[in-house]
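Student: I would like to learn how to read a model like this one. Could you take me through it feature by feature?

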Amino acid sequence: MSARLARVRRCASLLAIALLTPTVALAATTAPAGATTPVGPFTIDLANREEARRSYYAVHEASEGVAVGWTGNVARCDPGSVSDDFLGATLTRINWFRAMAGVPSDVVLTAQNNATAQAAALMMSAQNDLSHDPPPSWRCWTQQGADGASANLTLGSTGPPAIDQLIKDGSALELGHRRNLLNPQHLAMGSGSIPANPGGAASEAQYMEGNPSTVQRPARDGFVAWPPPGFVPYQTVYPAWSFVLRGADFSGATVTMTRNGATVRAAISSRADWAGPGLVWLADGLAQNGSWPRPDADDRITVNVGNVLVDGAARTFTYDVTVFDPAVADPARTPLQITGPDAPPVGVAATFGANTIPMRSATSGAPRS
């Protein structure tokens, strides 16, 4: 994608937020200087399919295609820095996922945290390996990088795509990367990215800084689940599902899932306490490193998390996740778009066009054109 096309795409996405999604609240005051994407906080009504769909394109996808602008050099063990636009796009992606999960989407990036994360990402790139406790024998080892190695780490991607990779968390059974990123308590993070280069692999580090106070930051649903209750684009639904509730006991908890009354497999893979006690399970017989298939139609799945001990009493949490394809607009909310000249000259033929708006069959409810 050319830089010009990327700019046009981001501008169009931002315009879509302003014109089409008035209930998605934006505040850009926490953006890195010069950042071109809105970074939050965001408010997304997941009960509204069209709002969830538009937020995916206008926020999640708006952070794609931003140039990394890296100034470092792995061969010289120089971590360098990335552009403010790239940092802003990464923060946009982080806060979009947090807003979708119903936790505060006001996380900021600090210069000190960014530098620590950048030093950690350099070590991972140079060594072409990941470790939360890298030894001094590693290439480009520094104490700052070693301190930052406690961060969420990934190889093979940087910036916004790396955030998706960390939310998917395709290898760690306890989904520690996802649960860290969606921890309500986080106020500040640091982001470090090293693109693929002759001296090393692409790498990303997300350094966390927890809430310094004892005040508990609320979660919209009373718990933190991914995918969350409501409409969720299938591209961000992964085989491993998670449910976290602070203060609860999941040692005897159970999970069941149904789709249109039919059982969906739910195999519990972890009961670890990570950013809060919770459960992780593999859904529908899929492998953790796999992908969720594109649904032919909106796919509503009911989740029951049972026998969760809260203050000594057993509770059951039931919620619906509707997995959908954001490329398919909601026929009831598809806006009419008319193209053509605003002021056609008198006596001269003018051409106008209008988009096709799907209709719903009066008998079946299925969309038709």
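Tutor: Gladly, and please keep in mind that this is a predicted model. Let us begin with a sheet: five strands form an open one, with mixed pairing, in the order S6-S13-S12-S8-S9.

Student: Which strands stand at the edges of that sheet?

Tutor: S6 and strand S9 (262-264) do. Each has a single partner strand, so one side of each is left without a neighbour in the sheet. From one strand to the next, the twist averages 35°.

Student: In what sense do strand S12 and strand S13 pair, and over how many bridges?

Tutor: Strand S12 (residues 299-310) pairs with strand S13 (residues 313-324) in the antiparallel sense, over 10 bridges. To find your place on the screen, look for Val 308, which stands opposite Arg 315 in S13.

Student: What is the strand order in the open sheet of four strands?

Tutor: That order is S5-S7-S11-S10, and the pairing is antiparallel. S5 and S10 are the edge strands, each pairing on one side only. Here the twist averages 25° from one strand to the next.

Student: How many bridges join strand S7 to S11?

Tutor: Five bridges join S11 to strand S7 (residues 240-244), and the two run antiparallel. Within this pair, Val 244 stands opposite Gly 278 in S11.

Student: Let us turn to helices. How are two packed helices described?

Tutor: By two quantities: the angle between their axes and the distance between the axes. In this structure, H2 and helix H3 (residues 84-101) pack at an angle of about 160°, and their axes are 10 Å apart.

Student: Are H2 and H3 roughly parallel or roughly antiparallel to each other?

Tutor: An angle over 145 degrees counts as roughly antiparallel, and H2 and H3 are therefore roughly antiparallel to each other. As for handedness, H2 passes H3 in a right-handed crossing.

Student: Which residues in H2 and H3 meet?

Tutor: On the H2 side they are Ser 55, Tyr 56, Val 59 and His 60, and these meet Thr 92, Arg 93, Trp 96, Phe 97 and Met 100 in H3. By type, the residues of this contact between H2 and H3 divide into five nonpolar, three polar and one charged.

Student: Now the backbone. What should I expect of phi and of peptide bonds in general?

Tutor: Most residues other than glycine have a negative phi, and most peptide bonds are trans. With that in mind, look at the bond from Gly 40 to Pro 41, which is cis with omega near 5°. Pro 41 is in the loop between helix H1 (3-20) and helix H2 (49-60).

Student: And what is the peptide bond from Trp 226 to Pro 227, cis or trans?

Tutor: The bond from Trp 226 to Pro 227 is cis, with omega near -5°. You will find Pro 227 in the loop between strand S5 (224-226) and strand S6 (230-233).

Student: What about phi of Leu 175, and is Leu 175 buried or exposed?

Tutor: Leu 175 is not a glycine, although its phi is positive, about 55°. Leu 175 sits in the loop between helix H6 (159-168) and helix H7 (176-181). Its relative accessibility is 0%, so Leu 175 counts as buried.

Student: Where is Ala 275, and what is its phi?

Tutor: Ala 275 is in the loop between strand S10 (266-270) and strand S11 (278-283). Phi of Ala 275 is near 55°, again a positive value in a residue other than glycine.

Key
Residues are numbered from 1 along each chain as its sequence is written. This is a predicted model: local features need pLDDT of at least 70, side-chain atom pairs count only at pLDDT 80 or more; totals for chains, interfaces and linings use all residues. Side-chain values use heavy atoms; hydrogens and water are left out. Buried means under 20% relative accessible area, exposed over 50%, partly exposed in between (1.4 Å probe, protein chains only). Two strands pair if DSSP finds at least two bridges between them. Axes are lines fitted to C-alpha atoms, for helices over the stretch in contact, and angles run from 0 to 180 degrees between N-to-C directions. Angles under 35 degrees count as roughly parallel, over 145 as roughly antiparallel, 65 to 115 as roughly perpendicular and the rest as oblique. A crossing is left-handed if the near helix is turned anticlockwise from the far one by less than a right angle, and right-handed if clockwise. Contact means heavy atoms within 4.5 Å. Ala, Val, Leu, Ile, Met, Phe, Trp, Tyr, Cys and Pro count as nonpolar, Asp, Glu, Lys and Arg as charged, and the others, Gly among them, as polar.
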